[in-house]
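Please open the model in a viewer and follow the selections below in order.

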Amino acid sequence: MNNTIAIAVHGGAKPFSATVEKNTSHYEEGLREAISSAYDILQRGGYALDAVEAAVRRLEDNIYFNAGIGSALNSAGMVEMDASIMDGSNLRAGAVAMVRKVRNPVSLARSVMTGTSHVFLGGEGALQYAERVGLELHPEPFFVTDEQFAAFQEHATKEASAKIKVHGTVGAVAADVHGNIASATSTGGTTFQMEGRIGDSCMVGSGCYANNKTCAVSTTGDGEYIIRGVIAYDISAAMEYSGKTLQDACNFVVCQKNKDVTGDIGAIAVDALGNIGISFNSECMLRAWKIGDGQIALKILR
Ligand code: ASP
């Protein structure tokens with residue numbers, strides 16, 4: 001088989017802010033690196049699943065994105081991370097929630113998928129499993145950046161009515177030469193979220209979904225709306241049951257079906273033909289993509 005390879009990554013759908021403006025060049029560099037690491041794999045005939053894991057690991061390791069190092073702090077001043085991954089060739093999936101100390105939660109999610117009979121591990125058990133399979137662990141301060149600590153402090157001192165939601169997430173979708181697609185999503189959640197809050201990013205069907213027959217999707221935004229709207233699966237369902245094209249399915253679910261949602265919703269998607277679909281209702285979404293041997297496309301605003 002010699003299908004068109006394609007990769008898209010995101011670094012969160014969110015309001016445009018002074019932080020976004022200040023960090024634009026860092027975001028662009030990080031997105032570009034993530035695309036390149038996935039593209040290297042796809043170009044050599046590698047699998048979409050490996051490509052999305054590689055891209056998300058790069059973003060988790062990048063201090064400017066809210067996942068892995070640089071994750072948001074919860075109301076207890078701690079980092080609790082969520083991640084998921086799905087293989088569209090066999091509908092296998094792995095997910096982890098409320099993970100601490102694990103440098104790359106996306107790899108833990110993949111290990112849950114391939115090394116256990118389960119789909120989803122959370123909390124202490126997920127950490128113990130990460131230790132058992134030898135994933136890289138670090139003490140909690142390793143994950144805390146100055147920027148996220150300042151955001152936490154600012155939030156902690158604000159009146160409840162003045163609190164704005166600060167969030168972000170990273171994700172990747174890819175199509176390989178074999179006709180397979182995959183998706184992965186990873187996040188530190190939202191700044192000052194309740195301890196134990198679990199967002200959409202680790203939920204198969206909401207934050208992440210992949211099926212070779214339709215599409216692979218990674219979402220970002222206000223997780224509570226994305227969970228209730230089962231956004232990633234709904235995009236797939238719009239293709240499967242209504243025969244929509246990839247981009248039409250993304251637009252329909254994000255901008256029409258959920259048009260009354262007051263929170264941010266963003267999605268990136270790919271199909272097995274190497275088409276890419278992107279839709280978001282927020283002021284900006286950090287995103288980049290590359291199809292075949294074309295140029296890397298990079299965008300933050302609309
Ligand atoms: N969806 C993530 C969450 O709610 C945050 C984000 O994507 O910005 O945890």
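**The ligand and its surroundings**

Select G223 together with the ligand: a backbone N or O atom of G223 lies 3.0 Å from an oxygen atom of the ligand, a polar contact being a pair of N or O atoms within 3.5 Å. Taken alone, the ligand exposes 270 Å², and the protein buries 100% of that (Shrake-Rupley accessible area, 1.4 Å probe). The model is predicted, with pLDDT of at least 70 needed for local features and 80 or more for side-chain atom pairs, while totals for chains, interfaces and linings use all residues. Residues are numbered from 1 along each chain as its sequence is written, and side-chain values use heavy atoms, without hydrogens and water.

Next, select D200, where an N or O atom of the side chain is 2.6 Å from a nitrogen atom of the ligand. At G168, a polar backbone atom is 2.7 Å from a ligand oxygen atom.

Now display the residues surrounding the ligand, among them H167, T187, R197 and T220 (a heavy atom within 4 Å). This shell holds no nonpolar, 10 polar and two charged residues; Asp, Glu, Lys and Arg count as charged, Ala, Val, Leu, Ile, Met, Phe, Trp, Tyr, Cys and Pro as nonpolar, and the others, Gly among them, as polar.

Methods: A polar contact is a pair of N or O atoms within 3.5 Å; within protein, one must be able to donate a hydrogen and the other to accept it, and residues adjacent in sequence count only if both atoms are side-chain atoms.
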